[in-house]
Amino acid sequence: MRTSKGATGYILAAILAILVLATAIVGAAPILNAETGLPVADASLVHTAVYTVLAPLCTLMDALTLLSLKQHAALLITVVLCVIVWRIFRPRSRGTSLLRELGAAAVTLVCIIMVYAVGAVVPRPMAAIAMHDANDVVIDFHSHTNASWDANKWFTPRRNREWHSAAGFDVAYISDHKSLAGANAAAAQNPQHAGDGTVLLPALEARDQYEHVVAIGIDSTFNVDPSGIWHDPVRDTSLRITGTPPLLILTIPGNISKIPENEKHGYARLYAVELSDGAPKGVGAIQREKANIIRFADTLNLAVVAGSDNHGWGSTAIGWSVMQIPDWRAMNPAQLDSAIQRAIRIERRHAVRVYERDSPDAGSSITATVFTVPLVIWRTLVDLDWPERISWLGWIVLIASIATMLSSRAARDTIPPAARRKPEKA
């Protein structure tokens, strides 16, 4: 017995609605400690009203942003296979042809491109972290503006600040490539006190031999090499050492087994390493090497930090660095910058807590990568709060109703006019 399209739509909608309700039993844990993988008790994930209304769109776009390159590949292959299976086993009441199948393939490709383009380019409401302790300050140690050659030209210092504010960051370091222009422009618009709004502080991302580092603790007078290479006075004796040396953060991807010696013993030394990086390449590298990164940080007594590596694409914060700095809200930006650096230099390994959004961590597992789609769906539904679940249920009912109405209208239009007439009474 063949099931009508309308009935099939209602069955699928009912299954999804049951999943949305049933996963509430598991309990939401949308923010995890990046080192332990356990839910955190001192922070919450908060949303605007618009985010909640658009919860299916926002949560699914967030879930896509949290994936590594291999997970994206697995997701795309899964979508393509599902479309192929559907085209093979669908009812063929109107037959098929090569042209029709090519059209279906083209529609699938366009839909995939549109989803990724919307996620990367179109601004949307963001989920933000909210700390329960007023002395906790939320920091991004690695971000960019349009002063970086590879950044979105739309991503001005003002929009960088707006992005970080929407994600719950109190402080963000502007670490453009080869330039301090974005950082200087952002600093000129900083609030007088750190508690009055998101503070943007100067930094620089540079290449040190075969690694990339972010240097914080620099100002507008810092000598930037236009080639993007990091110079340390231990190697380059033409540089004069003045003032407090910058503090270096190793970015990921990076080869933690081949750290340049100057980063261990030079003028500007390595004090931290990323345990969360927002770029897809960084996500994948950290998934594979997390245990090694933590061991590396333990060995060299380095802080672990989160960097969004945001170049102006997307509207999702993957991770946050959290530090305990008493009365930071009353400090001016320069004082807060000094307090952050001082705490890292003194407390080292224990200076920073890294929190991150919950997402399937494939690690090096081929099986986990292959099953990216069901794992993403599961984690997305489990992490919903009740306002988001209600929004999901509302959209499910709305879309199912519209689909059923359109299906019924299409079926009615296929009936010949003569067959639609009511029989005349004798």
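Over the ring of which residue does the charged end of R87 sit? The ring is that of W86, with the charged end of R87 lying 4.8 Å from its centre. The model is predicted, and a search of the whole structure finds four aromatic pairs.

**Aromatic pairs**

- The rings of F141 and Y173 are stacked, because their planes meet at 10° and their centres are 5.5 Å apart.
- This pair joins distant parts of the chain, with F141 in strand β4 (residues 136-143) and Y173 in strand β5 (residues 171-174), 32 residues apart.
- Both F141 and Y173 are buried.
- F169 and W320 form a tilted pair, because their ring planes lie at 40° with centres 6.5 Å apart.
- The two residues are 151 residues apart: F169 is in the loop between α6 (157-166) and β5, and W320 is in strand β11 (residues 319-324).
- F169 is buried at 3% relative accessibility, and W320 is buried at 0%.
- Ring pairs also bring W163 into a cluster with F169 and W320.

**Charge over a ring**

- The charged end of R389 sits over the ring of W386, at 5.9 Å from its centre.

- Y210 is located in the loop between β6 (199-208) and β7 (211-216).
- With a relative accessible area of 49%, Y210 counts as partly exposed.
- Beyond its neighbours within four places in sequence, Y210 contacts K258, I259 and P260.
- Y210 and I259 are 49 residues apart along the chain, and their C-alpha atoms are separated by 8.5 Å.

How values were computed. Residues are numbered from 1 along each chain as its sequence is written. This is a predicted model: local features need pLDDT of at least 70, side-chain atom pairs count only at pLDDT 80 or more; totals for chains, interfaces and linings use all residues. Side-chain values use heavy atoms; hydrogens and water are left out. Helices (H or I, at least four residues) and strands (E, at least two) are DSSP runs, numbered from the N terminus. Buried means under 20% relative accessible area, exposed over 50%, partly exposed in between (1.4 Å probe, protein chains only). Contact means heavy atoms within 4.5 Å. Rings of Phe, Tyr and Trp (its six-membered ring) pair if their centres lie within 6.5 Å; planes under 30 degrees apart count as stacked, over 60 as edge-to-face and the rest as tilted. A charge sits over a ring if NZ of Lys or CZ of Arg is within 6 Å of the ring centre and within 35 degrees of the ring normal.
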